Amino acid sequence: MERQQHLIELLAGAERRTVSELAEHLGVSTRTVERDVERLRDAGVPFETSVGRAGGISLPVTTTRTQVELDVAEIAALLSSLATVGPNSSPSANSATAKLAAALLTDVPRVDVGHRR
């Protein structure tokens, strides 16, 4: 899972890369990269692939921020997934974990137990 996260980060917004380049960078075989791309594509990651001499894989992403509304169960599912990957496995995983955890605390009433009347 950590490798697949790294693969997405390598491709997000970058120029097209060949399977060989990705395999070398990740320290795995080209077949492993192909399987990872297939799994991630099945999960909904919109990779673009092309064959031939100038072929490769890319992950075009928007440069604008998108607001996504999630309910508590969806946030918990993402946090659970990040825990599996390792919330500190990459800067983006760390950032996402912190933002999701903070979102869970937004509507929680805060009780100050230090001041009693």
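Here is what to select, and what is there.

This is a predicted model, in which local features need pLDDT of at least 70 and side-chain atom pairs count only at pLDDT 80 or more, while totals for chains, interfaces and linings use all residues. Residues are numbered from 1 along each chain as its sequence is written, and side-chain values use heavy atoms, with hydrogens and water left out.

**Stop one: colour by confidence.** pLDDT is the predictor's confidence in each residue, from 0 to 100. The protein chain averages 82, and 89% of the residues score at least 70. Helices (H or I, at least four residues) and strands (E, at least two) are DSSP runs, numbered from the N terminus.

**Stop two: select D36.** You'll find D36 in helix α3, residues 30-42. Is D36 buried or exposed? D36 is buried, with a relative accessible area of 0%; buried means under 20%, exposed over 50%, and partly exposed in between, using a 1.4 Å probe and protein chains only. Now show the side chain of R3: a polar contact of 2.6 Å joins it to that of D36. (A polar contact is a pair of N or O atoms within 3.5 Å; within protein, one must be able to donate a hydrogen and the other to accept it, and residues adjacent in sequence count only if both atoms are side-chain atoms.) Leaving out residues up to four places away in sequence, D36 touches R3, Q4 and L7, where contact means heavy atoms within 4.5 Å.

**Stop three: the largest pocket.** A pocket is an open set of points on a 1 Å grid over the protein atoms alone, with protein on both sides within 12 Å along at least five of seven lines; lining residues have an atom within 4 Å of a point. Select L78, L82, S92, A96 and L100, which lie nearest the centre of the largest pocket among its 24 lining residues. About 1100 Å³ of space lies in there. Which helix gives the most to this lining? That's α5, with seven residues.

**Stop four: the second largest pocket.** Here there is about 160 Å³ of space. Select its lining, including T18, V19, E34 and G55. The largest share, three residues, comes from α3, and β1 (48-50) and β2 (56-58) each supply at least two.

Notes:
1 Å grid on protein atoms, 1.4 Å probe; cavity = no way out; pocket = protein on both sides within 12 Å on 5 of 7 lines; lining within 4 Å. Points joined across faces, edges and corners; volume = space filled by probe spheres on them.
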